[in-house]
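Me: I'd like to go through this one and check what each label rests on. Can you show me the structure?

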Amino acid sequence: MSTLAFTPQQQAVIEHVQGHAKVVAVAGAGKTTTLTHFIQRQLEQGQNPRRMLVIMYNKSAQQDFTRKLSRLRLPSSAPQIRTFHALGLRIYRTLIERGYLSEFQGDPISQSEMEFHLWRLMQQKAPSHRRQEILQERKKWVDPMMSFMEQVKSSLDPAAVVFKAQQLPEHCRFFVNTYEAFEQWRKQQRRISYGDMLHDPCMLFTQRPDIAQEFSNHMDWILVDEYQDINGIQQFLLEVLAGERSKVMVIGDPDQTIYEYRGSDSDYMVKLFDERFQNPRVYPLTTSFRYGHQVALLAGSLIHKNQGRLDLPVLAADSNPKTQVNFYPCMDEIPSLLSCIESQSEMHGAENVAVLYRLWGMSAPLELALLQRGIAYDMPSQFWVLERSELQNFMLLFELASGDFAKRDQTSQYRMLLNFLVLPALKIKRTMLDELAQSMVQALSQYSGSSIKRVLSQIDYGEFNAWQKQQIQERLLFLELTQDKRLKGFQLVNRYVRETDFYKGLSDGAFSKQQADDRIATVQGFVRFMTSINLKVNEVLGHFSQLKLNKQQQVTKGVKISSIHRAKGLEWSSVVLPSVSSAFYPYEAEGEMQQASSIEAERRLFYVAMTRAKQSLHIFYPQEDQRQVSPFLSSPAMQSLRDAFYELAQHQNSIQVSKNVLNDLRRYTSALNWKVDLRVTKQTKEESRVQQSVRHSQFGEGIVVEQSPKYLHIRFQDGQIRTLDRSIAQSFLQFLPN
């Protein structure tokens, strides 16, 4: 056995012998190390590795686990370590060999191939009045159809039952028919998708329990990592494989269940595991080795508000980094964000700094600012700001202004012009706009070198009525404006957004509120960026080309920009959380065709974001209106909790705290057996200073924005928030009449 020092909680897991087990591990609790040493101990005691199966959530986790297990001195070969999908594919091939399933052909259906076929089938299965919109707004409809497909494939229920459970509107009922048509096409072609690796075998097992029995009761042990992310079809397969023989150990954190859109449900770990695998031994791993007491206290107090969770504390080891939590109230967030990113990159290295967003569209202003400043950053290429679909009409205008549009081939010109005509929607038949875009391409070719005005004058409006002609001419006027060399780029962009009612068009054309908010946030960030660069309309494209080139030539690792969902399982020295406002935390995702998320799911997401940090956590929130601040910062009162911890860190035996943080502090200190006398401070008139005007002898005038019994948080006229100790500041501070 290893000579590593384990906590009593970890040691209890490692020494587990008999029966099922549920290991509940907070973020950073060392669960992988604990699990690998459990396997080592089992093998040392004679466990046959061929009778032990380890199931990981994804390929990267499987590779990481395999690597860590290989570093241990095992007495025999390692057990099987597979992802759910790899395991499903192996079972699928065995079922083919035994004649239970038909052989499939070729590689699994790719996402792009699936999207194309779903788009084609939706146009056939949708009501006739919807087909034009689906043809015109492919992404709007294909994205939620793909999400619906994923929900069906993660469940044992028929598509109609899943549709009802998702609470999608009645006019989307053709999703069910589309799914069934896709399945018919898939089976005719003898193809499978990634989801079918599990779905097809499991559906067969439900219909033929005798076949399922052939795969049951082969293992002594089945270990499942990241169990909080399991969905219905994976749970079913686990039960089939375990049968009556296998001892099942699952490990995870229900407070980190954030993939509900894939069918995950925290209830599987909170209570359903205990029902399916009765009388399990529950092992808590409540101490994190990633972050310090500040993060543990604040994140734990936040997640404690959730009712549907296991009542376990979130603690930090004393040896952990002393993670600092900083709050930044901002009116203009981007300059403060850039300053924070630059200072943290200098301190920790850019690759060790992450900026995590609730929605991808929220990152657009920062990404543009980083490009402008020349700061290296990394993010998935499909989300790169200047390539986003909602900005392509602006790219068309700037290409026309610079003359680069003429360099495109005619197919590309047609697509861009058609998009310009249909977004925002003109309420004109798509076929008519399609013909108009084609005629414009022909005119551009015929009158190459002529002015845009002359090209547009050649358009035949014969089929359009007077109202339609006026709508089109008002839209095409922006093409003419690109030739005005005196016009600034931001002037053209602002006029276009205003006169086309572009934000409404994005909202009307989106499938869900989240999709609309994402797109609008991107465009708003782009508009602000255009104002900041202040270039003439014919100079903008060249500037963008240089920014793109700089990005492509980036050789060093940069700051990581990610969504919170993609950040799960990762950690960085410094984590930045921008725009922590009531608009995004919690995010009200319900829309006409999207399932609403719960407040508890949103808390779990913010908890995951907070617990990615090791050395420092930086939270930015709106300054101008307290009503815009996320309730996740006020309940619990995070800044007051942080201030109280400053006193705890001084190892004072008795401290005074505000009543609104007493229970959170008491729960945390009790769990750690800290002997601290927590006394509630009665707030006097003198101490109630929020929104009070002040004058400081060094910093000048300001306003108290937050307070605690020991500290005042004051925003001075230079925009900086300074935290002052009451007892020290009283000699330098004068309270002014409001």
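Me: Which helices and strand each supply at least two residues of the lining of the second largest pocket?
Reply: Those are helix H15 (333-348), helix H16 (364-373), helix H24 (513-533) and S14. Helices (H or I, at least four residues) and strands (E, at least two) are DSSP runs, numbered from the N terminus. H24 gives the most, with nine residues. Bear in mind that this is a predicted model, where local features need pLDDT of at least 70 and side-chain atom pairs count only at pLDDT 80 or more, while totals for chains, interfaces and linings use all residues. Residues are numbered from 1 along each chain as its sequence is written, and side-chain values use heavy atoms, with hydrogens and water left out.

Me: What makes a residue part of the lining, and how many residues line the second largest pocket?
Reply: On a 1 Å grid over the protein atoms alone, a pocket is an open set of points where a 1.4 Å probe fits, with protein on both sides within 12 Å along at least five of seven lines; a lining residue has an atom within 4 Å of a point. Here 33 residues line the pocket, and Glu-333, Ile-334, Pro-365, Arg-528 and Ser-579 lie nearest its centre.

Me: Why is strand S13 called largely enclosed?
Reply: Buried means under 20% relative accessible area, exposed over 50%, and partly exposed in between (1.4 Å probe, protein chains only). Six of the six residues of S13 (residues 572-577) are buried, so the rest of the structure largely encloses the strand.

Me: How do you know that S13 pairs with strand S14 (residues 613-622)?
Reply: Two strands pair if DSSP finds at least two bridges between them. S13 and S14 have five, in the parallel sense, with Trp-572 opposite Ala-613. On strand S10 (residues 353-357), three bridges join it to S13, also parallel, and Ala-354 stands opposite Val-575.

Me: Is Arg-190 called buried, partly exposed or exposed, and why?
Reply: Arg-190 has 39% relative accessibility, so it counts as partly exposed. This residue sits in the loop between helix H9 (174-189) and helix H10 (196-207), and has a positive phi of about 55° although it is not a glycine.

Me: And why is Asn-673 called exposed?
Reply: Its relative accessibility is 57%, so Asn-673 counts as exposed.
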